[in-house]
Amino acid sequence: MEQNPLRPNWSMQRPGVLSLAFGFPDAASFPYDDLGRVTGDLMAQRHADALQYGPVSGPEPLRAFVAEWVRATEGLPVGPENVLITSGASQAIVLAARLLVPAGGTILVESPTFIGALWFLRGLGLEVVGVPAGEQGIDPGALEGTVRRLRADGVEANVVYTMPTVHNPIGTNASDVRRRELAAVAERLDLVLLEDDAYGDLIFEGERPPALYELAGPARVIKMGTFSKLVAGGMRLGWAIADPDDVATMCSLKADSASSPFAAWAAAEYLGGGALAERVPALRTLYRDRRDAMLEELEPLARLDCTWTRPVGGFFVWLTLPDGVDSEAIRGTVEDHGVTYLAGHHCFADGARRRDIRLAYSYLPEDQIREGTRRLVRGLEAALAD
C-alpha cells in the first residue's frame, strides 16, 4: 500500500507552516457544553446501555434519528431497520465493499475521488479502477465503457463508489440529469452504487439534489453518511442506509461488534432534542465564509493559468495547475513559503494525473485561511517562475 501522505504529520502542526491539506472540521464549532451535559445525564441516570455492549446495528434511538433526519432532509422512505451505525463513514465504505466485492475483486471509483476511500479499498486487497469525473459528476458513458471492457476481459465489475453530492475533492454536485443517467447505467449493467454523502447537509447555495438512493432504489444503492462533519469527528460515528437484509449482513461483518455504544448513546441523547437542525445553518455559514475567503485570495493565480472549482459546499477547493506542472514536485518550493497542501495525484486510483491540488478551508480559522492562501499564491508564483 502507498504511504498515507497525511498521517506522517497527523498533528498538523509544523513550525512556521500552515497546512491546507487536512479536511478536518472546525474545532471551535464542537458542541462541548451540550455533549458534556448529555454525557453527565447518561451517567447520572446510570444508563447501563451506554456502557454495556450494545446491538451491532447501533442503539435504536440513534438509528431512528438518522432515519428521521434523511426523511426530513431528503425525503427518503427509510426506517431504523434500514440504518446501520458505523465507526465513521469510513467503516460504512469498508463494510459495503466487503458485502458486495469478493476478496481480490475489482471496484470502480471516480477519478478523482476521496483519498481515504482509496486507502480503505486497497486495504481490503481490492483492485481499484478509476472512471473520469468532473464538475458534473462521474461520466456515465465512460463508466459503461469501463465496465464492459473489464467484463470482456473476464473481470467482475459490479460495484461503483461515488460522491454525487458535494464531491470530495471537486466540491460540486452532479446534475440531476447526470444522476438519472448514472441510475440508468446501473440498472442496465446490474451495478450497485455506494453513495457517499458526507457533505450533503453542508451545501451553501442551491437545493440539495435528489439522492441516488431515491432515484435507483435500495436494490441498487447503499448510502453512507457521517456525523464527523456535523457534530465531532472524534466521536467516530457514521451510518449506512440499505435494505434491511444488507444491514443484517453488514452487521455480521463488523469486527468491532458495535460502534462505540457510549458515543452512540451520547449522540442520540444530544441529537434527539433537535440540536442538528439548530447547528446546520451555523455550520453552513461558517464554512461558506471560509470558502469565500480562500476563493478571494486565490484570484491572483488566474494570471498564471491556474483554474479552480467554486465548491457548492463541503471543505475543499480543487485547484488545477498549468499543463506540465507537477504539484508534488513543486510542493517543497511552496512549503518554503510557509504553507503546504495535498498533491492531487493521491486522489486518483492510478495516481497518474499530477497537476492538481486539494485545498482544505475547514480546519484553520479564517485569518489563517487567508494568510495560508496568500502564501500559497506566492509559493506557486515562485515555483512556476522556476
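Which strands and helices do the buried residues of α9 pack against? The legends below take up this question and others for a predicted model.

**View 1. Helix α9 and what its buried residues pack against.**
Within α9, the buried residues are V247, M250, C251 and L253. They lie on the same side of α9, because they cover an arc of only 155° around the axis. An α-helix has 3.6 residues a turn, so residues three or four places apart point the same way. The face turned away from the buried side of α9 carries the exposed residues D245 and S252. At the N-terminal end, α9 is capped by D243, which places a side-chain oxygen 2.9 Å from the backbone nitrogen of D245.

**View 2. D256, in the loop between α9 and α10.**
The loop that holds D256 runs between α9 (244-253) and α10 (261-271). Is D256 buried, exposed or partly exposed? Its relative accessibility is 30%, so D256 counts as partly exposed. The side chain of D256 makes a polar contact of 3.1 Å with the side chain of S87. A polar contact of 3.1 Å also joins the side chains of D256 and K254. When neighbours within four places in sequence are left aside, D256 is in contact with S87 and Q91. E269 is 13 residues from D256 in sequence, and their C-alpha atoms are 22 Å apart in space.

**View 3. Helix α10 and its cover.**
Why is α10 described as largely enclosed by the rest of the structure? The reason is that 9 of the 11 residues of α10 are buried. These buried residues are P261, A263, A264, W265, A266, A267, A268, Y270 and L271. The elements that cover them include α1 (32-44), α2 (48-51), α3 (60-74) and α11 (275-298).

**View 4. T162 in strand β6.**
T162 belongs to strand β6, which spans residues 157-162. With 1% relative accessibility, T162 counts as buried. Which side chain makes a polar contact with the side chain of T162? That partner is E110, at 2.6 Å. Not counting residues up to four places away in sequence, T162 touches E110, L182, L193, L194, E195, D196 and L212.

**View 5. G137 in strand β5.**
Strand β5 covers residues 137-138 and includes G137. The relative accessibility of G137 is 13%, so this glycine counts as buried. Leaving aside neighbours within four places in sequence, the contacts of G137 are A174 and R178. G137 and L182 are 45 residues apart in sequence, while their C-alpha atoms are 9.4 Å apart in space.

**View 6. The aromatic pair Y199 and F316.**
How many aromatic pairs does a search of the whole structure find? It finds 12. In the pair of Y199 and F316, the ring centres are 6.3 Å apart and the planes stand at 80°, so the pair is edge-to-face. Y199 lies in the loop between β7 (192-196) and α8 (212-216), and F316 lies in strand β11 (residues 316-320), so the pair ties together parts that are 117 residues apart in sequence. Both Y199 and F316 are buried. Elsewhere, one aromatic cluster is formed by F65, W69, F227 and W239.

**View 7. The cysteines C306 and C347.**
How many disulfides does the structure hold? The number is 0. For C306, the closest cysteine sulfur is that of C347, and at 17 Å it is too far for a bond. The search from C347 leads back to C306, again 17 Å away and too far for a bond. For comparison with this distance, a disulfide requires cysteine sulfur atoms within 2.5 Å. C306 counts as buried because its relative accessibility is 5%. C347 also counts as buried, at 0% relative accessibility.

Methods:
Residues are numbered from 1 along each chain as its sequence is written. This is a predicted model: local features need pLDDT of at least 70, side-chain atom pairs count only at pLDDT 80 or more; totals for chains, interfaces and linings use all residues. Side-chain values use heavy atoms; hydrogens and water are left out. Buried means under 20% relative accessible area, exposed over 50%, partly exposed in between (1.4 Å probe, protein chains only). Helices (H or I, at least four residues) and strands (E, at least two) are DSSP runs, numbered from the N terminus. Contact means heavy atoms within 4.5 Å. A polar contact is a pair of N or O atoms within 3.5 Å; within protein, one must be able to donate a hydrogen and the other to accept it, and residues adjacent in sequence count only if both atoms are side-chain atoms. The arc is that of the directions from the helix axis to the C-beta atoms. Rings of Phe, Tyr and Trp (its six-membered ring) pair if their centres lie within 6.5 Å; planes under 30 degrees apart count as stacked, over 60 as edge-to-face and the rest as tilted.
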